[in-house]
Structure formats: C-alpha cells, structure tokens
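Welcome! Take a look first, and then read on by topic.

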Amino acid sequence: MSELDLLVKIRENAARKKRTLLLPESHDERVLRAAEIITREGIGSVITLGNEETVRAAAKAIGVDLKGVRIIDPEKSEKLSDFSNIFYNQRKHKGVTIEEARETMKRDIFFGAMMLKEGMAHASVAGSTASTGDVMRAGILCIGTKEGISIVSSFFLMVYPDVTYSFGDCAVVPDPDAIQLADIAISTADNHKILTGEEPYIAMLSFSTKGSAKHKLIDKVLEATAIVKQKRPDLKVDGELQFDAAIVESIGKKKSPGSEVAGRANVLIFPDLQAGNIGYKIAQRLGGAEAVGPVVQGLKLPFFDLSRGCSVEDIVNTSAIALLMAGN
Ligand SMILES: CC(C)(COP(=O)(O)OP(=O)(O)OC[C@H]1O[C@@H](n2cnc3c(N)ncnc32)[C@H](O)[C@@H]1OP(=O)(O)O)[C@@H](O)C(=O)NCCC(=O)NCCS
C-alpha cells in the first residue's frame with residue numbers, strides 16, 4: 001500500500017468514528033487551515049483554544065472558514081479553576097503551588113491536556129509551535145501513562161511503495177532500560193496493527209544476531225525480548241536481531257533458523273534513541289521511505305506531538321491517526 005493509500009484509509013476510518021479533536025494552537029495559521037480541512041472532510045469535530053474574536057479574525061484574514069469549529073478560551077473558561085485544582089492535587093507532592101497550577105493551566109497545551117483527561121475531546125494534536133518537550137511534559141503530567149505501560153515513547157510509520165514498517169522509539173526516550181524497551185515494543189506492535197491492519201512481527205534490533213556477539217548492550221535487548229514474551233505471549237517477537245536478519249528473508253533464515261519473525265519483521269525496535277533517530281533518518285533520506293510521525297504512544301489518551309516544521313497536511317494526517325487511535 002502506498003503512503004497515499006494508507007493515509008486515505010486512515011482518514012476514512014477516523015471519519016467513521018465521528019470523534020472530537022482538539023487542536024490547541026489556534027495562533028498558528030497552519031492549525032487554522034488544518035481545522036478547516038478536518039471539519040470539511042468530516043474527519044472529526046474540531047475544538048481549538050484561544051480568544052474567540054481574535055481566532056475568528058485571524059481565520060478570516062487568511063480566508064479560512066471556521067464554521068463548525070468550537071473555540072474555547074482557557075482564561076475565561078469556567079473549567080480553569082477545576083483544572084487548576086486537579087493539576088495542583090496531582091503535582092503538589094512535587095512542590096507545585098495552587099498559583100503555579102493556575103498559571104500552568106492557562107497555557108493552551110496544558111489546558112488542552114486536561115480537557116482530554118476530563119473527556120472533553122477524544123484526541124489532541126499540538127506541537128506546531130510548542131516544543132516536543134513541552135507537549136510530552138503536558139501529556140505525562142496531566143494525562144499519565146497507560147495501565148501496564150511504564151513509559152511514553154513514539155514510533156514512525158515508514159512507508160515504502162509496497163510495505164510499511166513501524167520504527168520505535170525514534171523521538172522520545174533517550175536511553176530506555178529493558179522494561180521500558182519492552183514497553184516500547186509492545187506499544188509499537190499494538191499501534192502497527194491498529195493503523196495498518198497487519199499482524200505485527202517484532203524484531204528487537206542489535207548489532208548481533210542470536211549470540212553472534214557478546215556485550216552488555218546486547219544483554220539489555222535480550223532482557224527486553226524476554227519481558228515482551230512474558231508480558232504478551234500473544235505477540236510474535238524475536239531478538240536480538242541485526243537489521244538485515246530482521247527484514248531480509250534469506251538472511252533471517254540463515255542467521256536465526258526457525259524464527260517466525262526473522263526475515264519478515266514489520267515492527268523494528270531500536271535499542272536506544274541514538275540508533276532509532278539515526279536509523280529512521282537513514283531509511284527516510286537514503287532509503288526513500290515516507291516517514292509518518294512521530295506518533296506518541298504510552299499515554300492513557302491520544303495526545304500527539306507535531307514537528308515544528310510540519311505542513312498543514314501533516315497536521316491533518318496526524319489528527320486522523322490520533323482520532324483513529326482514540327479508544328484503542
Ligand atoms: C519526555 C521529556 C520531555 C521528559 O523530560 P523532563 O521534563 O526533563 O523529564 P524529567 O526527567 O524531569 O521528569 C519529569 C516527570 O516526567 C516523568 N517522565 C519523563 N519522561 C517520561 C516518559 N518518557 N514516560 C513517562 N514518564 C516520563 C518522570 O518520571 C517525572 O515524573 P515525576 O515528576 O512524577 O517524578 C524528555 O525526555 C524529552 O524532551 N524527550 C524528547 C527528546 C527529544 O528532544 N527528541 C527530539 C527528537 S525528535
């Protein structure tokens with residue numbers, strides 16, 4: 001399936017769910033344009049944050065029709081006080097005061113995260129102006145991690161003309177321990193299935209295949225593989241595997257005979273962020289893959305990040321992915 005086909009399918013499937021999307025950053029022209037497209041195509045009902053008059057004037061000035069888009073002003077909202085109290089109670093053990101909680105809740109990204117937590121939207125997409133760190137912090141501190149998952153991480157859909165891989169984690173967790181690496185593998189596998197419909201085959205990547213080398217870096221990958229098997233016996237996982245043994249059938253057969261994953265892996269888990277971030281960029285820049293993401297995973301609710309260089313199309317596509325993942 002091409003990237004275009006996959007994204008069309010994701011948009012259509014998201015539209016069928018008739019869910020509500022939060023796009024907090026109304027001060028960004030790209031967000032207003034994306035809100036118009038998402039509303040027009042029926043991908044979801046959009047809420048944005050800001051002063052209603054200012055937002056409508058900004059939209060009018062660039063010829064964007066915001067009919068059907070709801071605008072909430074955090075500063076004027078009756079929810080501000082409730083949200084500040086919730087945040088204060090969640091963070092007071094870390095020294096946060098009620099005044100600091102109120103100031104934090106006036107920030108669109110944090111107010112948006114609390115709206116999601118309180119069920120006022122199904123998914124949120126932000127980060128066209130806020131940094132990845134700020135978006136992740138709002139998600140982690142307001143929403144928290146999914147039950148049974150220790151870490152918030154991310155993956156990219158790496159789309160080639162006839163095959164789509166999921167690469168994790170390439171954007172969030174610098175140096176996961178074995179338990180965290182196992183959680184990254186489980187989350188990426190589950191999301192690969194949701195977004196592509198394919199059965200996940202997970203390769204836990206290393207510079208060694210099945211004992212061809214010995215090193216403490218490999219031990220972490222082996223331990224993580226064992227944890228995945230123990231936590232989720234239903235998943236197909238193998239490790240440690242080199243990249244070629246993971247995806248090339250003839251090499252997989254030779255280096256890991258009898259493995260049901262080697263040679264056919266579609267979920268590729270990197271041992272740390274240096275490998276993951278370099279790896280996805282090589283696949284994208286030299287390998288010609290379309291990289292869709294980073295898709296944030298591990299939070300209780302879909303609270304997604306964007307790259308600050310994102311296009312309007314990127315915002316629309318990420319929104320469709322977030323809406324499709326809501327409730328899963
Ligand atoms: C996720 C991130 C924002 C956390 O940074 P931070 O605010 O310095 O985190 P801290 O270590 O101070 O932790 C703050 C809290 O978040 C929690 N936390 C941090 N990272 C977490 C994660 N990935 N998942 C779950 N919880 C996490 C900590 O346990 C801590 O909780 P506590 O205060 O309740 O004890 C940071 O790892 C980051 O910026 N990652 C992005 C890396 C990057 O720049 N990528 C760019 C390439 S695209």
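**A first tour**

Five bridges connect strand 1 (residues 20-25) with strand 2 (residues 45-49), and the two run parallel. Within this pair, Leu-21 sits opposite Val-46 of strand 2. Please keep in mind that this is a predicted model.

**The sheet and its helices**

- Five strands make up an open sheet with parallel pairing, in the order 3-2-1-4-11.
- At the edges are strand 3 (70-72) and strand 11 (303-305), each pairing on one side only.
- On average, neighbouring strands of this sheet are turned by 25 degrees against each other, direction ignored.
- Helix 6 (residues 108-117) packs on the sheet and touches strand 1, strand 2, strand 4 (123-126) and strand 11; the direction of helix 6 makes about 165 degrees with that of strand 1.
- Helix 13 also packs on the sheet, touching strand 1, strand 4 and strand 11, and its direction makes about 155 degrees with that of strand 4.

**The two domains**

- The domain assignment of the chain gives domain 1 (3-144 + 299-325) and domain 2 (153-290).
- Their contact takes eight residues from domain 1 and eight from domain 2.
- On the domain 1 side, helix 1 (3-17), helix 7 and helix 13 (312-325) each supply at least two residues.

**Around the ligand**

- The ligand is surrounded by 13 residues, and the closest are Gly-133, Met-136, Ile-151, Val-152 and Ala-171.
- Helix 7 (residues 132-143) gives the most to this shell, with five residues.
- Domain 1 and domain 2 each provide at least three residues of the shell.
- By class, the shell has seven nonpolar, four polar and two charged residues.

Key. Residues are numbered from 1 along each chain as its sequence is written. This is a predicted model: local features need pLDDT of at least 70, side-chain atom pairs count only at pLDDT 80 or more; totals for chains, interfaces and linings use all residues. A residue is near a molecule or strand if its C-beta atom, placed from the backbone, lies within 6 Å of it. Helices (H or I, at least four residues) and strands (E, at least two) are DSSP runs, numbered from the N terminus. Ala, Val, Leu, Ile, Met, Phe, Trp, Tyr, Cys and Pro count as nonpolar, Asp, Glu, Lys and Arg as charged, and the others, Gly among them, as polar. Domain bounds come from an automatic or database domain assignment. Two residues are in contact if their C-beta atoms, placed from the backbone, lie within 7 Å. Two strands pair if DSSP finds at least two bridges between them. Axes are lines fitted to C-alpha atoms, for helices over the stretch in contact, and angles run from 0 to 180 degrees between N-to-C directions.
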